[in-house]
Amino acid sequence: MLQVKPKDLFTWLSCNRWIYQRPGNANWLGYSSRTTSGDLVHKVTTVLKPDGSERVAEQVRITPQGLTKLAKLMPERLNAVA
């Protein structure tokens, strides 16, 4: 929707304190200020593995409100990341 490459989007979100990764973990997490303000939500899904065990998968999602904010912020600042 923002017409930005995913890599550039994640870089921008990380540099501008929307998301972060814990050391040793590949999952992205949203800063609490962004989840409290309604810009981001965390989606937690339980996945059943073939061996019968379960795994919890976490994803950070941008809300429609957050998407509106990003559309206003990104055009000016996206070039600063590249």
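Reply: A word on terms comes before the residues: contact means heavy atoms within 4.5 Å. This is a predicted model, in which local features need pLDDT of at least 70 and side-chain atom pairs count only at pLDDT 80 or more, while totals for chains, interfaces and linings use all residues. Residues are numbered from 1 along each chain as its sequence is written, and side-chain values use heavy atoms, with hydrogens and water left out.

Me: Which residues does Tyr-20 touch, not counting residues up to four places away in sequence?
Reply: Tyr-20 is found in strand 1, where helices (H or I, at least four residues) and strands (E, at least two) are DSSP runs numbered from the N terminus. With residues up to four places away in sequence left out, Tyr-20 touches Asn-27, Trp-28, Leu-29, Gly-30 and Tyr-31.

Me: What are the centre-to-centre distance and the angle between the planes for the aromatic pair of Tyr-20 and Tyr-31?
Reply: Rings of Phe, Tyr and Trp (its six-membered ring) pair if their centres lie within 6.5 Å, and planes under 30 degrees apart count as stacked, over 60 as edge-to-face and the rest as tilted. A search of the whole structure finds three aromatic pairs. One of them joins Trp-12 and Trp-18, a tilted pair with 6.4 Å between centres and 55° between the planes. The pair of Tyr-20 and Tyr-31 is tilted as well, and its values are 4.8 Å centre to centre and 45° between the planes.

Me: Why does the pair of Tyr-20 and Tyr-31 tie together separate parts, and how many residues apart are they in sequence?
Reply: Tyr-20 lies in strand 1 (residues 19-21), whereas Tyr-31 lies in the loop between strand 2 (28-30) and helix 2 (32-36), so the parts that the pair ties together are apart in sequence by eleven residues.

Me: Is Trp-18 buried or exposed, and what is its relative accessible area?
Reply: Buried means under 20% relative accessible area, exposed over 50%, and partly exposed in between (1.4 Å probe, protein chains only). Tyr-20, by comparison, is partly exposed at 27%, and Tyr-31 is partly exposed at 21%. Trp-18 is buried, and its relative accessible area is 0%.

Me: How far from the ring centre of Tyr-31 does Arg-17 lie?
Reply: A charge sits over a ring if NZ of Lys or CZ of Arg is within 6 Å of the ring centre and within 35 degrees of the ring normal. Arg-17 lies over the face of Tyr-31, and its distance from the ring centre is 4.4 Å.

Me: Which residues are linked in a network of salt bridges?
Reply: A salt bridge is a side-chain nitrogen of Lys or Arg within 4 Å of a carboxyl oxygen of Asp or Glu, and by this rule the count comes to two. Asp-39, which counts as buried at 0% relative accessibility, forms a salt bridge with Arg-34, the closest N and O atoms being 3.3 Å apart. Asp-39 also forms a salt bridge with Lys-69, where the closest N and O atoms are 3.2 Å apart. The network therefore links Arg-34, Asp-39 and Lys-69.
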